[in-house]
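I opened a new notebook page for this structure.

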Amino acid sequence: DWVDVTDVIQSAVDRTRKYSPGRAIETGIAPDLPLIKGDSVLLGQVLFNLLDNAVKYGGEEPINVYARRDGADVLISVTDLGKGIPSEDLDRVFEKFYRRGKPDGRAPGTGLGLSIARGFVEAMGGKIHAESPALKKRGTRVVMRFPGAEGSRTEPR
Ligand code: ATP
Ligand code: MG
């Protein structure tokens, strides 16, 4: 199936806003995104998992979701300004059941969200990784790259 990234981002953001009305989520979605091959239910679940993490671990500042074209690919990122992830853990957080630090009750979880996200992204032919900008010493960005459908173009809106 062909997936309209703009639609999927908007519904994942709406869903997150509903369960977490206090958190500001800003989006920047390029108007010229190609369609990507995959499944909108899977991509929606991936985005929801990333937004759920940004809500749980991301502090008070707005969460940003960006999508843009990079050559033939589509890049999607979810960024927060929380305390970030140390560089030695940036890959491990995608492992099944891996959780950083002690579970503290305020942010419960099973450690599955990111491993599920990676599985779904790879099933769609994409890649996913996490960055924590060392310069600011805080904040987490999770970036996904998907091959775009050649010649396709989302209707401008
Ligand atoms: P689940 O998603 O299953 O409810 P979880 O959030 O603990 O549980 P993952 O989403 O896989 O599991 O994340 C793994 C770990 O990576 C988290 O426990 C947390 O320590 C860290 N992590 C994930 N996202 C962020 C983030 N945005 N900022 C800081 N740490 C993060
Ligand atoms: Mg999670």
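**Helix 1, both faces**

I began with the outward face of helix 1, turned away from its buried side, and found the exposed residues Asp14 and Lys18 there. Helices are DSSP runs of H or I with at least four residues, strands are E runs of at least two, and both are numbered from the N terminus. I noted that this is a predicted model, where local features need pLDDT of at least 70, side-chain atom pairs count only at pLDDT 80 or more, and totals for chains, interfaces and linings use all residues. Residues are numbered from 1 along each chain as its sequence is written, while chains are lettered from A and ligands numbered from 1 in the order in which they are written.

Next I listed the buried residues of helix 1: Val5, Val8, Ile9, Ala12, Val13 and Thr16. They line one face of the helix, because they fall within an arc of 130° seen down its axis. The arc is that of the directions from the helix axis to the C-beta atoms.

**Ligand 1**

Which residues come nearest to ligand 1? I found Asn53, Arg100, Gly109, Gly113 and Leu114, out of 21 residues around it. A residue counts as near if its C-beta atom, placed from the backbone, lies within 6 Å. Helix 2 (40-57) and helix 3 (113-123) each give two or more residues to this shell. Helix 2 has the largest share, four residues.

**Helix 2**

I then checked burial in helix 2, where Asn53 is among the buried residues, as are Leu50 and Leu51. After helix 2 comes Gly59, with a positive phi near 75°.

Technical notes. Buried ≥ 20, exposed ≤ 12 C-beta atoms within 10 Å, placed from the backbone.
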